[in-house]
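Reader: Could you walk me through this structure? I'm new to this.
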Amino acid sequence: MGRKKANAEAAAQREWELGIDWARWLLDGNVPQRLQVYGVVLEPNEFAYLQTTAQYSRMYGGNGRYTTSGGFFIGKPGMVLGMMAANAAVNASRKAAAKRDMQASWRDVQELPVLATNLRLMCHLPAKGWMSFYYSAVQEFYPDTDNWMITFGFQNAVPLRIAGLTTPTLAVLAAWCVHGNGRWHGEPGIASLVQAALSPRGPVTTGEVSYDSTAELQDDRPADTGNADTSNTDTSNTSNTGNADNGNPAGDTGNYSTGNAYEDLIRSKLSPEDRR
């Protein structure tokens, strides 16, 4: 049990640091690396930025309907009265349950594939396929990275909540898309990430960094001692944000060496072609 908890905490720490890296990247005036996605038809001038998984839920109430039981009771007066009382209790219980069900609550909670583009968030529901939530329709935006969740309110749809380990990255990217490039960093819900991104980095230490197998950052490409080639970067990987090919803000720029394995890997993904 202790090891599972340690692995979970390590995975959460890596995702938090990845969110800080995204904030730092965007604060420097860069734009996210575009992903090449297949199967999903995007709109003209729409670009995929992030493909991951997250917990999806919607807030709405039930319709308040319920069925009543009844019947014709025959027998001794005492038995009939007892049966009638029991039937009334059943109906009262069903009515109370229906009344509680009418209250708005978070429903349809499930882990889903999520695709973030420059125009919308897309969530793939097993029974409905891809559902789109356009940033232009967002009226309320409440990222709560300290509690690992983001809540969206819309003009003509019930609220959406996204939660899970990928929240730091999704919150930074969503803030950048919802508020615009000039105002996103003022969003209070991502203040912890922005402040960490603006803080000076600590001294670089050497050593080997270990990763959890479920959220491992990988780079299997051989080192290139010549000029970096960023024209043929493969970004079709669809794993979670722990994967360097789609969870980091940009693509390969060549050889970097800071002496820290994690920093080297992050830096190896930054593309100068995306700098403004």
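Author: We can go through strand pairing, then helix packing, then the cysteines. Bear in mind that this is a predicted model.

Reader: Ok, strands. In which sense do S1 and S2 pair, and over how many bridges?

Author: Strand S1, residues 48–60, pairs with strand S2, residues 105–117, in the antiparallel sense. The pairing runs over 11 bridges.

Reader: Which residue in S2 is the bridge partner of arginine 58?

Author: That is arginine 107.

Reader: And what about S1 and S7, how do they pair?

Author: S1 and S7 pair in the antiparallel sense too, over 4 bridges, with S7 covering residues 160–163. In that pairing, serine 57 stands opposite arginine 161 of S7.

Reader: Switching to helices. At what angle do H1 and H3 pack?

Author: H1 (residues 2–27) and H3 (residues 167–179) pack at about 25°, and their axes are 7 Å apart. Angles under 35 degrees count as roughly parallel, so H1 is roughly parallel to H3.

Reader: Which residues meet there?

Author: From H1, the residues include Trp16, Leu18, Trp22 and Leu26. From H3, they include Pro168, Val172, Leu173 and Trp176. By class, the contact of H1 with H3 has 9 nonpolar, 2 polar and 1 charged residues.

Reader: Now cysteines. How many disulfides does a search of the whole structure find?

Author: The search finds 0 disulfides.

Reader: Is cysteine 123 buried or exposed? And cysteine 177, buried or exposed?

Author: Cysteine 123 is buried, because its relative accessible area is 0% and buried means under 20%. Cysteine 177 has a value of 15%, so cysteine 177 is buried as well.

Definitions and conventions: Residues are numbered from 1 along each chain as its sequence is written. This is a predicted model: local features need pLDDT of at least 70, side-chain atom pairs count only at pLDDT 80 or more; totals for chains, interfaces and linings use all residues. Side-chain values use heavy atoms; hydrogens and water are left out. Two strands pair if DSSP finds at least two bridges between them. Helices (H or I, at least four residues) and strands (E, at least two) are DSSP runs, numbered from the N terminus. Axes are lines fitted to C-alpha atoms, for helices over the stretch in contact, and angles run from 0 to 180 degrees between N-to-C directions. Angles under 35 degrees count as roughly parallel, over 145 as roughly antiparallel, 65 to 115 as roughly perpendicular and the rest as oblique. Contact means heavy atoms within 4.5 Å. Ala, Val, Leu, Ile, Met, Phe, Trp, Tyr, Cys and Pro count as nonpolar, Asp, Glu, Lys and Arg as charged, and the others, Gly among them, as polar. A disulfide is a pair of cysteine sulfur atoms within 2.5 Å. Buried means under 20% relative accessible area, exposed over 50%, partly exposed in between (1.4 Å probe, protein chains only).
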